[in-house]
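Please keep the sequence and the model in view while reading.

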Amino acid sequence: MAQLNTPQINHASDIIQVLNSGIEFYSEAKEQVRDPRLAQFFDRMLSARRSVKERLQPFAVLEEGRREEGSAFSVEVRKVYTKVISALSSDTEHTYISQLEEVEDKTLEELRIALKDNQPPQYEAALLQSMSTMQDCHDEMRALKLSIKH
């Protein structure tokens with residue numbers, strides 16, 4: 001019999017949707033930038049996001065009964081916006097960096113929402129580890145954005 005006071009897993013699928021959208025966005029950005037160092041930087045961000053996604057995927061299965069493969073609408077809108085702005089802008093790299101930093105903000109926001117809830121201990125540990133990874137990504141992206149500001 002299951003324990004009655006065991007908290008339910010909440011918000012894993014939502015976090016993974018944001019991670020999935022970010023993975024798609026970083027992949028697209030990597031193809032659009034000319035600077036190989038920036039492409040390598042985006043590769044590191046992609047690797048971190050994929051790692052966090054796989055860390056949280058078992059909890060999404062427990063929460064929803066299946067792997068989460070969807071994406072987040074808010075990030076999808078940002079991708080469309082970036083395409084339009086990039087088409088109008090001469091500084092595509094700066095546009096991508098600026099918008100990708102916003103994606104990092106959204107990822108941290110989703111992790112914070114999940115951490116506010118009473119979560120099962122294993123899931124909470126995975127969330128805290130994921131938060132650390134994604135905070136590092138956010139900080140790197142912010143530093144990059146500030147270093148190229150006009």
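Is the crossing of α1 and α2 left-handed or right-handed? The crossing of these two helices is left-handed, a term that applies if the near helix is turned anticlockwise from the far one by less than a right angle, with right-handed used if it is turned clockwise.

The model is a predicted one, in which local features need pLDDT of at least 70 and side-chain atom pairs count only at pLDDT 80 or more, whereas totals for chains, interfaces and linings use all residues. Residues are numbered from 1 along each chain as its sequence is written, and side-chain values use heavy atoms, with hydrogens and water left out.

The protein has five helices and zero strands, so that its elements run α-α-α-α-α from the N terminus on; helices (H or I, at least four residues) and strands (E, at least two) are DSSP runs, numbered from the N terminus. Of its 150 residues, 43% count as buried, that is, under 20% relative accessible area, as against exposed at over 50% and partly exposed in between (1.4 Å probe, protein chains only). Contact means heavy atoms within 4.5 Å. Among contacts in the protein with a separation of 6 or more, 77% are between residues 24 or more positions apart.

Helix α1 covers residues 12-32 and helix α2 residues 36-64; they pack at an angle of about 155°, with their axes 8 Å apart. Axes are lines fitted to C-alpha atoms, for helices over the stretch in contact, and angles run from 0 to 180 degrees between N-to-C directions. The angle therefore makes α1 roughly antiparallel to α2, given that angles under 35 degrees count as roughly parallel, over 145 as roughly antiparallel, 65 to 115 as roughly perpendicular and the rest as oblique. By class, their contact has 16 nonpolar, five polar and seven charged residues; Ala, Val, Leu, Ile, Met, Phe, Trp, Tyr, Cys and Pro count as nonpolar, Asp, Glu, Lys and Arg as charged, and the others, Gly among them, as polar. Within α1 lies asparagine 20, which counts as buried at 5% relative accessibility. Leaving aside neighbours within four places in sequence, asparagine 20 is in contact with Lys53, Glu68, Glu69 and Gly70.

Helix α2 also meets α5: their axes come within 10 Å and cross at roughly 165°, which makes α2 roughly antiparallel to α5. This crossing, too, is left-handed. Residues of α2 in the contact include Phe41, Met45 and Phe59, and those of α5 include Ala126, Met134 and Leu144. Phenylalanine 41 of α2 is buried, at 9% relative accessibility. Not counting residues up to four places away in sequence, phenylalanine 41 touches Glu140, Met141 and Leu144. Phenylalanine 41 and glutamate 140 are 99 residues apart in sequence and 9.2 Å apart in space, C-alpha to C-alpha.

The buried residues of α5, among them Tyr123, Ser130 and His138, pack against α1, α2 and α4. The 27 residues of α5 should span 39 Å at 1.5 Å a residue, and its end C-alpha atoms are 39 Å apart, which agrees; the expected span is 1.5 Å times one less than the number of residues.

Proline 120 lies in the loop between α4 (92-116) and α5 (121-147). Proline 120 is buried, with a relative accessible area of 14%, and, neighbours within four places in sequence aside, is in contact with Pro7, Gln8 and Ile9.
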